[in-house]
Amino acid sequence: LRGLFAESSPHARYIEGIRSNFLQFLNEGSQLAKQSKEAFEQKLTFIRKLISLYQINYFLSEAPVGNAKLVQKVSVRTDRPPYYLYNIADHAVAEILPYQPYAVVDQWDSYVDRWFSSTDARILARAKSLPPTYGQIGDTLKVAEESISPPRLKLNVRAKQDVPILVKMAYFPRWRAFSEGKKTPIYEVAPGFMLVYGKGDVELRYGPAFPDYFGFLLTASGLGSLALVYFRKRSKSA
């Protein structure tokens with residue numbers, strides 16, 4: 001996770017929070033279960049929220065873990081026994097939300113911090129308002145294509161109406177979204193992912209934004225001006 005979101009500053013402190021919470025749960029979980037069943041269940045719900053949010057589907061351990069689904073043993077270092085690779089979930093890069101996300105604008109950072117530390121799994125979106133639709137029973141989503149170069153994500157969404165789709169990729173203004181060929185807004189969601197509404201063929205593409213094109217235009221104009229001055233001086237000297 002650290003490597004995956006290394007260039008995305010909004011995620012850095014939250015990923016460190018995931019690490020510390022995981023370590024605490026692994027070290028103190030059994031003791032917490034003995035002390036308070038309710039506290040243990042709350043902590044487990046919180047851990048499951050983080051696992052889903054960041055698509056944590058595998059767990060690498062030095063020691064065997066009881067009742068976990070072993071995928072294979074992995075040789076990490078030559079001077080010690082193999083590690084154990086376990087499959088703990090099957091979360092995808094995108095999912096249909098069966099509810100309307102929270103909409104928040106003011107004091108965004110404070111809301112995100114409180115939401116991230118809570119057991120509430122309902123997504124928090126940076127918006128004044130959101131479309132009043134949500135996923136229904138029978139709605140499905142399939143990842144048709146996921147490309148790193150060029151950055152692109154294609155989804156096939158079977159739904160009768162536009163549904164909220166959580167995309168667990170880092171939010172940047174340069175992303176563009178299209179639903180059935182038409183441009184659709186992208187909302188930033190806590191703690192730095194994306195939310196789009198759509199159905200049918202939904203595509204997200206990463207490319208230059210307006211400021212980039214404006215910068216390209218200024219650069220081209222500057223180079224053109226320099227070339228014009230250069231050729232004028234040459235013609236005068238000739």
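**Charged and aromatic side-chain contacts**

Lys 154 and Glu 145 form a salt bridge, with 3.6 Å between the closest N and O atoms (a side-chain nitrogen of Lys or Arg within 4 Å of a carboxyl oxygen of Asp or Glu). Salt bridges with shared partners join Glu 145, Arg 152 and Lys 154 into one network. Lys 154 is partly exposed at 30% relative accessibility, and Glu 145 is partly exposed at 27% (buried means under 20% relative accessible area, exposed over 50%, partly exposed in between, with a 1.4 Å probe and protein chains only).

The model is predicted: local features need pLDDT of at least 70, side-chain atom pairs count only at pLDDT 80 or more, and totals for chains, interfaces and linings use all residues. Residues are numbered from 1 along each chain as its sequence is written, and side-chain values use heavy atoms, with hydrogens and water left out.

A search of the whole structure finds nine salt bridges. One of them joins Arg 126 to Glu 188, with the closest N and O atoms 3.3 Å apart. This pair links distant parts of the chain, Arg 126 being in strand E6 (residues 124-126) and Glu 188 in strand E12 (residues 186-189), 62 residues apart. Helices (H or I, at least four residues) and strands (E, at least two) are DSSP runs, numbered from the N terminus. Arg 126 is partly exposed, with a relative accessible area of 42%, whereas Glu 188 counts as buried at 16%. A further salt bridge is formed by Arg 77 and Asp 79, for which the closest N and O atoms are 2.8 Å apart. Here Arg 77 is partly exposed at 44% and Asp 79 is exposed at 56%.

Five strands form an open sheet in the order E7-E8-E14-E10-E11, with antiparallel pairing (two strands pair if DSSP finds at least two bridges between them). Strand E7 (140-147) and strand E11 (182-184) are the edge strands, each pairing on one side only. Within the sheet, strand E10 (residues 175-179) pairs with strand E14 (residues 200-206) in the antiparallel sense over five bridges. Ser 179 has Val 202 in E14 as its bridge partner.

The structure holds seven aromatic pairs. Rings of Phe, Tyr and Trp (its six-membered ring) pair if their centres lie within 6.5 Å; planes under 30 degrees apart count as stacked, over 60 as edge-to-face and the rest as tilted. The pair of Tyr 14 and Phe 116 is tilted, because the ring centres are 4.7 Å apart and the planes stand at 50°. Tyr 14 lies in helix H1 (residues 9-35) and Phe 116 in helix H3 (residues 108-116), so the pair ties together parts that are 102 residues apart in sequence. Both Tyr 14 and Phe 116 are buried. Phe 25 and Phe 40 form a stacked pair, with 5.8 Å from centre to centre and 25° between the planes. Phe 25 is in helix H1 and Phe 40 in helix H2 (residues 37-53), 15 residues apart, and the pair links distant parts of the chain. Phe 25 and Phe 40 are both buried. One aromatic cluster is formed by Phe 172, Trp 175 and Tyr 206.

Charged ends are also placed over aromatic rings. That of Lys 49 sits over the ring of Trp 115, 3.8 Å from its centre (NZ of Lys or CZ of Arg within 6 Å of the ring centre and within 35 degrees of the ring normal). The charged end of Arg 122 sits over the ring of Tyr 102, at 4.2 Å from its centre.
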